[in-house]
There are 2 protein chains.
Amino acid sequence: MIARNARPGGQLALAIVEDERDVREGLRYLLGLDGRLRIAGAFAKAEDFIQFLETGGQADIVLMDIHLPGMDGIAATRLLQGRWPELVVLILTIFEDQDAILDSIKAGATGYILKNTKPEALIDQIVSASGDGSPISPTVARRILEELRKAAPARTVDYALTARELEVLRDVVEGLTYRELADKHHIAASTAKKHILHIYQKLNVSSKAEVVRKALEEGLI
Amino acid sequence: MIARNARPGGQLALAIVEDERDVREGLRYLLGLDGRLRIAGAFAKAEDFIQFLETGGQADIVLMDIHLPGMDGIAATRLLQGRWPELVVLILTIFEDQDAILDSIKAGATGYILKNTKPEALIDQIVSASGDGSPISPTVARRILEELRKAAPARTVDYALTARELEVLRDVVEGLTYRELADKHHIAASTAKKHILHIYQKLNVSSKAEVVRKALEEGLI
DNA sequence: CGCGATATGCACCAAAAGGTGTATTTTTAT
DNA sequence: ATAAAAATACACCTTTTGGTGCATATCGCG
């Protein structure tokens, strides 16, 4: 495993953004004990960390709390990924809120770690995140899998479309009219229409709007 | 954590599907040592396991190899999830192939474990999978996160649709015609049409097929 | 209060789409 | 080789759609 943000010294520069003083200082102390990490800074507010980066501060990884005064951790993640895409953001929280998990991921977080993680495991996860891993608890993973299944359901029904019909279907989804289809495939518009009508029968629909929806929702294309 | 398939005795009935004899028997022995698990059976082929279930065999969890003679592990997972949806399928493999990971998940696998996992960790993962967890290695998790980001991209553009236009847009995606829209919303068909034409202008499209595609692909609904 | 945005409605027209029927050629499978 | 399936094409007709212009009522916000 090759560290994505390896520093010459081999140490990872870690930043901590956490508003509770005790937790913040506890993390700073505990994580600093491990030779693989160097604590680049610990901040009570996301804005402080952003300013740190803007004024030349360096960090490979940041542990980001979600509940923060001012800018919350998810908004901060989004901003950070926009301006410093190489930075690895790990969400560190006590909650397993489904929406927060998904929002974090969409915002660009690399991992989602729970605060009850043991220090040794936490360090392993941080190091893994600097490589090609994404530390995620099994519980969070379950939520993500469910979401992924929703987003990309398995093909079930086979509508037995012919190769030609599939081509035409793709173009219909692209928004082509009969005439445009005819030109593209060098066939008569009436033929394109016939293909589409056949597709309608097979998919049990009766308009382009419906066929586009069915094709996209069922991953027919 | 409440075991999803807890048996009266508290033991989880585990099945193993793995074609390599040494690996299969090694797992049967190693996992049987742990008091939380009971080995319900070990099979060289997915078909054998399916027959086991068909003839009254019971299992809470199955460790499923991907590369099998005859029916492969992913097809088997799909079939098993269809007929025994309560069964927890854990894919156990040496590969981290992106497509295999996604196909497994879509097929209904609960976890994706690599064969180089240490026995103790493996047992922990199996037990976690019987509850609300999904054991997944950080590397696999990274792949899944990337996929999820692709599938559910963060909203970027704001087309500033009004509430009414959004309602109408949803119905257009459902395939309603002007007339049907008019009936549903108790407005004139001409008004429904006006709304749709406004939507076209805002989304820069000019047909229902295009607007359905854009709405679905950009998550406007 | 009044302005602008929103929602509503109608008329008119050309283009596109949907539906049905028929027919020939080509490909595929038995 | 022969039958079935697929791809091609045209005619005819109705409905829907896309586009434009115009007009009125309503609502929110400064």
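Predicted model: local features only at pLDDT ≥ 70, side-chain atom pairs only at ≥ 80, totals over all residues.
In the protein–protein interface, 32 residues of chain B are in contact with 31 residues of chain A. On the chain B side, two or more residues are given by each of α4 (98-107), α6 (138-151), α7 and α10 (208-217) of chain B. The largest share of this side, ten residues, comes from α6(B). By class, the side of chain B that touches chain A consists of 17 nonpolar, six polar and nine charged residues.

DNA strand C is surrounded by 19 residues, of which A:S207, B:T162, B:R164, B:I187 and B:A188 are the closest. Seven of the residues near DNA strand C are nonpolar, seven are polar and five are charged.

Around DNA strand D there are 20 residues, and A:T162, A:R164, A:I187, A:A188 and A:S190 come nearest. At least two residues of the surface near DNA strand D are supplied by each of α7 (163-173) and α9 of chain A, and by each of α8 (178-185) and α9 of chain B. The composition of the surface near DNA strand D is seven nonpolar, seven polar and six charged residues.

Key
Residues numbered from 1 in each chain as written. Chains lettered and ligands numbered in written order. Near = placed C-beta within 6 Å. Nonpolar A, V, L, I, M, F, W, Y, C, P; charged D, E, K, R; others polar. Contact = placed C-beta atoms within 7 Å. Helix = DSSP H or I, 4+ residues; strand = E, 2+ residues; numbered from the N terminus.
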